[in-house]
Amino acid sequence: MSDITQAPRSGYILSCNAGSSSLKISLYQIDASPEPPRLILVSSISSITAPPATFSFEPLSSSTRTIKNEITPSVTDHASGFAHFLDILQTVANIDKTKIVQICHRVVHGGDYSDPVVISDETYHHIEKLSDLAPLHNGAALAVIKSCISVLSNANSIAFFDTAFHRSIPSHIASYAIDQTVAKKRGLKKYGFHGLSYSFILRSVAQYLDKPATSLNLILLHLGSGASVCAVKGGYSLDTSMGLTPLNGLPGATRSGAIDPSLIFHYTNKAGRISHDPKVATQLHVTQAENILNSKAGWKSLTGTTDFGLITRRAQEGSEVDQLAFNLFADRILNYIGSYHLKLDGQMDAIVFSGGIGERSKELRKVIGEKLQCLGFHGVSDEANQSVDSQEGVVFDITARPTDSKKILVCRTDEQFEMALECSQIAKFWAPTH
């Protein structure tokens with residue numbers, strides 16, 4: 001692993017987003033023009049840790065074959081998944097992998113890193129140490145990074161950190177009420193996550209509203225299988241619902257979200273023991289408590305499914321456990337909206353729904369929108385809310401009536417594009433053009 005190799009401003013940027021059991025990849029073309037990177041294709045691999053894995057490959061060019069949810073027995077981990085992608089890239093899309101000049105990796109926990117870094121031995125081992133704090137993601141990202149360095153040695157592998165966006169959170173908000181000598185020695189504080197998504201949303205909303213990002217006060221909702229809320233004041237993160245790890249805050253598909261810290265010791269008398277679940281314990285020191293609260297909780301533990309769309313439909317059909325899960329999620333979201341509205345002194349440009357659930361669940365947006373009216377919002381337009389899925393674009397206004405402030409927006413976030421765009425704009429990664 002070496003330091004920066006300044007790349008020529010021509011070829012491809014690859015963006016990799018590794019989840020606990022998935023891998024999303026986007027390929028962009030770059031040239032010497034000031035234009036942003038141009039998307040060439042997207043690919044995804046699902047069910048990596050619960051085989052058989054499925055592979056999708058979707059080029060934007062109509063002349064290249066599309067692959068949809070193809071069962072791929074050869075994919076048994078993230079490294080073999082990435083190798084399969086490179087093989088398809090060459091054989092189906094006829095793209096030479098040596099033309100990839102930069103590889104962007106989403107790394108969930110970056111500790112105190114404030115900027116993207118090229119992976120060296122030092123940075124690799126530092127991210128490895130942080131894996132205990134983000135056991136569902138950092139280990140997967142490191143597996144892909146290692147593969148990239150091995151098979152694409154001519155390209156920089158660059159880590160982009162979800163935690164970096166939240167470096168602006170004031171110390172009195174980021175600190176916990178524990179012995180600060182221990183806290184500082186062990187790095188025990190709020191870091192926050194989903195930062196790449198929040199960066200994309202902030203920039204996109206600023207463009208949509210035609211206002212400088214630094215003038216905006218926003219509440220951003222990244223709602224997916226992992227979910228969080230962020231208060232943005234004057235264009236910077238003021239507070240966010242996740243904490244030291246992604247476990248705190250809102251519940252997710254398999255995460256508990258914020259609970260009474262002592263609950264786990266009443267739930268199991270083996271909380272402090274190392275987990276023997278091979279899906280989470282490989283090369284990590286994950287306790288049974290962390291395994292339970294990260295992987296065996298959330299709305300799956302209530303309903304038996306991680307599919308929030310299915311939960312919503314079943315709730316509408318009268319299922320009590322699904323209605324409980326829906327109401328619980330909405331309640332926890334409202335907790336943070338109320339708190340952050342107060343922290344922003346009630347002065348807000350917009351609240352923004354994003355993430356897989358935020359972008360698709362018109363039912364959840366409607367419930368939250370109705371509750372927002374007591375804070376001076378105008379609620380959600382039924383017509384605009386219903387039509388989001390059929391609209392082209394990135395940002396949509398679903399506010400019930402025109403207003404200059406306290407808008408209710410939906411934003412289609414794109415973490416892979418955010419990494420590629422940032423990569424294209426950082427001069428030290430590129431050879432000077434003459």
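A search of the whole of this structure, which is a predicted model, finds 12 aromatic pairs. A pair of aromatic rings is described by the distance of the centres and the angle of the planes. One of the pairs joins F82 and F85, whose rings are tilted, with 6.2 Å from centre to centre and 35 degrees between the planes. Both of these residues belong to helix α1, which covers residues 78-91, and they are three residues apart, or about one turn of the helix.

Are F82 and F85 buried or exposed? F82 has a relative accessible area of 1% and is buried, and F85, at 0% relative accessibility, counts as buried too. Another aromatic pair is formed by F165 and Y198, which is likewise described as tilted, with 6.2 Å between the centres and 35 degrees between the planes. Here F165 lies in the loop between β8 and α4 (171-174), while Y198 lies in helix α6 (residues 195-209), so this pair ties together parts that are 33 residues apart in sequence.

| Residue | Relative accessible area | Class |
|---|---|---|
| F82 | 1% | buried |
| F85 | 0% | buried |
| F165 | 14% | buried |
| Y198 | 0% | buried |

F165, at 14%, counts as buried because the class takes in values under 20% relative accessible area. An aromatic ring is involved in another kind of arrangement at W430, where R9 lies over the face of the ring, at 4.7 Å from the ring centre.

The report now turns to the strands. Strands of a sheet pair through backbone hydrogen bonds, either parallel or antiparallel.

How do strands β2 and β3 run, and how many bridges join them? Strand β2, made of residues 23-30, and strand β3, made of residues 38-46, run antiparallel and are joined by seven bridges. Within this pairing, Q29 has R38 in β3 as its bridge partner.

How values were computed
Residues numbered from 1 in each chain as written. Predicted model: local features only at pLDDT ≥ 70, side-chain atom pairs only at ≥ 80, totals over all residues. Heavy atoms only, no water. Pairing = 2+ DSSP bridges. Helix = DSSP H or I, 4+ residues; strand = E, 2+ residues; numbered from the N terminus. Phe/Tyr/Trp six-rings, centres within 6.5 Å; stacked < 30°, edge-to-face > 60°. Buried < 20%, exposed > 50% of the residue type's maximum accessible area, 1.4 Å probe, protein only. Lys NZ or Arg CZ within 6 Å of the ring centre and 35° of its normal.
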